[in-house]
Amino acid sequence: MKKPLIRPITYSDESPIGLLLRASELNGWKSPNAFISAYKVHSSVNTYSFLSVITNKKHWGTTCRVFGITNKVECYERMKVSRGSIYDFHGMQVPYRSLRMKEPSICPDCINNKRYLPCIWDHKLITACTTHNTKLVKTCPKCKEKIKWSRKGLSICSCDHKFISLKSRCINTEVTQYIEGVINKKDGFTLDLIFHFFEAFELFFNNINISVDQHQLATLAGECLIDKQKVISLLCKHVTKVALSLGLHPRLTLFPFLRSSESAINELSTAVLNKLSESKVKLGKMPNTVNFRFNILSAEKTLGVSTFLLKELISHSIIDVKQDNKNSLIEVTISSVNNLLILFSGTTKSSELHKSIASLTSKTIGKKITLVSIIEKIETNKTTFSGMDISSGILSAKVCIKSFEGKGYDALTLIDVAKICGVHSESIRLAVRCGILERIDPVKTKGTNIYIEEKVALNFNKKYIFAGKIAKENNCSQSTIALKLIASGITPASGPKIDNGLTYIFKKSDISTLNMNEVIRIENYPTNAGRKKKAQKKEVTDEQGIPLYTVAHQLGISIPKTASLIKKGFLKEAGNKARKKMITNESFERVKNIQQDPSLVTLKQASKYFHEDEKAFLRRWVNSQFISLIDNGLNRYVSKKDLTKIKNHKKKYVTSKEAGIITNTHRTHMLNLEKQNLIKPAKYLISGKQKINFYNRKQVLEVCK
């Protein structure tokens with residue numbers, strides 16, 4: 001069969017599906033499927049068969065050649081066959097579910113003016129026309145059915161109704177313009193994040209039976225990046241209303257956001273919960289009509305527990321599940337999760353005798369309190385407890401430790417005692433070593449860990465106070481306040497010059513009679529060197545830099561891990577005479593700035609973006625010195641500029657494995673073609689002793705036709 005009589009002139013921003021529809025209409029065919037089948041581009045005549053043409057580069061090239069299309073429009077190539085298949089859209093890799101591959105949305109006015117369909121309309125986040133400030137139409141006003149791709153023409157429905165100008169009211173399209181800008185900039189990270197927000201909002205409103213169209217969802221998703229506080233206020237209103245009308249706990253209502261793998265979406269839900277915690281949310285009675293899909297992962301994130309703890313709750317019938325005939329787990333019942341959240345939403349104030357469930361369920365001296373036993377005691381009123389932190393989950397609730405009998409339950413770790421005394425755990429360790437604080441006999445604990453009886457710890461805290469805590473309460477230096485107290489005639493109970501303790505410890509009874517404001521104002525006092533301190537002369541004190549525990553808190557990591565950064569050379573220890581480790585400001589700022597730099601992404605995120613294994617990504621791009629890797633000891637990072645560099649490289653060149661994917665062959669096929677002198681590597685990178693070959697993408701497609 002000869003080529004079609006009319007060959008459409010293509011546009012740079014035209015949709016490939018729209019181009020097929022336009023070519024079909026110009027040549028008088030009833031649908032793109034019939035058009036393709038007649039020219040034997042694709043054998044199948046089933047509905048939507050033309051989609052396999054615009055998602056396969058080889059088929060698309062054949063189609064353009066048969067129809068005489070010279071200036072080819074880029075197709076939506078299928079990049080990866082996996083769960084939630086990935087497609088190439090506008091130079092970005094997006095999931096299949098984010099594209100309108102079956103049912104388009106259009107602006108009749110634009111079609112009548114431009115006579116083609118822009119490819120940007122094919123993404124679900126584009127829900128409005130920014131030219132006419134109206135929503136895109138996805139339903140035929142005559143037959144009330146969704147518009148199909150397989151129809152007679154651009155402005156004709158399957159029912160023969162012609163789309164004319166719809167006099168819709170003007171809407172605000174600022175967010176749509178923002179999303180269009182993201183697509184035009186080819187910012188795949190931001191587009192992916194907005195779409196994740198879109199899906200979270202879609203599930204959120206479906207669960208609470210509120211009808212919201214796609215434009216409202218896309219607007220809310222975009223506003224999460226533009227005006228986050230506005231979205232938080234809106235969610236707070238909905239969650240409060242649902243709590244009163246449906247009796248759903250806020251954490252249960254917000255589970256679509258809590259369960260997300262995106263940290264930005266988790267942060268949004270945390271912000272909403274924190275705002276709700278400021279005001280008491282009233283819960284109504286939960287009706288039996290509340291029913292939506294709720295799986296294991298959702299239950300874990302909603303309750304704030306691990307998989308192990310959730311299985312424990314299920315095995316004791318505290319959390320109910322629905323099962324099928326084969327006795328396999330399907331869903332978690334909403335009512336059981338809701339009841340457990342309500343149980344831990346008490347408002348009792350906590351005291352020193354209360355301990356968080358998270359710490360109680362961890363191992364102590366050879367014993368462990370189970371979450372089930374805690375719940376049983378709470379339900380039978382055999383213990384007092386304080387309500388959970390609504391943004392953290394049930395493990396943040398605190399229970400009275402006296403309610404649990406046994407020698408293992410009144411013993412505290414160094415960290416527990418440090419929290420009671422308001423100091424670092426290392427200060428408690430040295431206090432034990434100096435003998436001022438008594439530990440439990442190591443023979444009884446059967447291990448190297450140090451444990452202290454609860455009564456001993458509480459009595460110690462009533463009798464003594466650390467110089468560090470005094471300094472913190474009075475906003476001054478720890479060593480300075482200690483020396484000034486000694487100059488005032490107070491003898492420390494323990495300290496560097498007393499019993500080689502880490503820090504000075506004073507009796508509370510000795511300092512209770514002092515006026516701390518007057519002590520702080522003391523200017524001339526003996527220093528560690530024996531000289532008096534002069535107020536007018538600024539000398540370098542023993543404490544320079546930032547304390548190790550402060551650095552750990554600022555970076556959000558443990559103290560041992562922070563100390564390991566010193567050994568690795570990422571943090572530098574400041575020179576000081578005190579026993580306390582201090583970190584230089586310069587090294588701390590470097591590590592922190594890298595961690596918080598918005599222009600960087602982690603190695604894991606970078607490799608995930610290109611759908612590569614981390615080791616392969618390192619070998620191919622970093623070890624070959626194509627891009628640089630930034631390491632701060634906590635994580636390895638790649639700059640977004642380098643990712644753009646890789647993206648531009650991938651547009652022109654492919655590896656043998658990638659060549660196999662786009663041509664539906666095995667990666668070794670390129671080696672066979674090389675031996676036949678049909679193709680040669682266009683470029684290569686050296687990774688160690690290994691040579692990585694890259695082939696010209698266009699040449700690969702031509703050779704493999």
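Helices (H or I, at least four residues) and strands (E, at least two) are DSSP runs, numbered from the N terminus. This is a predicted model, in which local features need pLDDT of at least 70, side-chain atom pairs count only at pLDDT 80 or more, and totals for chains, interfaces and linings use all residues. Residues are numbered from 1 along each chain as its sequence is written, and side-chain values use heavy atoms, with hydrogens and water left out.

**The whole chain**

Begin with the entire protein chain selected. Its secondary structure comes to 34 helices and 22 strands. Of its 705 residues, 47% count as buried; buried means under 20% relative accessible area, exposed means over 50%, and partly exposed lies in between, for a 1.4 Å probe and protein chains only. Contact means heavy atoms within 4.5 Å. Among contacts between residues at least 6 apart in sequence, 62% join residues at least 24 apart.

**Two residues with positive phi**

Most residues other than glycine have a negative phi. Select Arg115, in the loop between α5 (108-114) and β4 (128-129). Its phi is near 65 degrees, a positive value in a residue other than glycine.

Next select Asn133, which lies in the loop between β4 and β5 (134-135). Asn133 is not a glycine, yet its phi is positive, at about 55 degrees. Its relative accessible area is 28%, so Asn133 is partly exposed.

**A sheet of three strands**

Move on to strands β8, β10 and β9. They form an open sheet of 3 strands in the order β8-β10-β9, with antiparallel pairing; two strands pair if DSSP finds at least two bridges between them. The edge strands, each pairing on one side only, are β8 (354-356) and β9 (385-386). Strand β10 (residues 398-400) runs antiparallel to β8, and 3 bridges join the two. To see one bridge, select Lys355 together with Val399, its partner in β10.

**Two packed helices**

Two packed helices are described by the angle between their axes and the distance between the axes. Select helix α18 (residues 414-421) and helix α21 (residues 454-463), whose axes come within 10 Å and cross at roughly 30 degrees. Axes are lines fitted to C-alpha atoms, for helices over the stretch in contact, and angles run from 0 to 180 degrees between N-to-C directions. Angles under 35 degrees count as roughly parallel, over 145 as roughly antiparallel, 65 to 115 as roughly perpendicular and the rest as oblique. The helices α18 and α21 are therefore roughly parallel to each other.

Which residues of α18 meet α21? Val417, Ile420 and Cys421 do so, and they meet Ala457, Leu458, Phe460 and Asn461 in α21. The residues of this contact divide into 6 nonpolar, 1 polar and no charged. Here Ala, Val, Leu, Ile, Met, Phe, Trp, Tyr, Cys and Pro count as nonpolar, Asp, Glu, Lys and Arg as charged, and the others, Gly among them, as polar.

**A second sheet and a buried serine**

Now select β17, β19 and β18, an open sheet of 3 strands in the order β17-β19-β18, with antiparallel pairing. Its edge strands are β17 (600-602) and β18 (630-631), each of which pairs on one side only. Strand β19 (residues 636-639) pairs with β17 in the antiparallel sense over 3 bridges. Leu600 stands opposite Ser639 in β19.

Finally, select Ser607 in helix α29 (residues 603-609). Ser607 has a relative accessible area of 3%, so it is buried. Leaving aside residues up to four places away in sequence, Ser607 touches Glu612, Asp613, Glu614 and Phe617.
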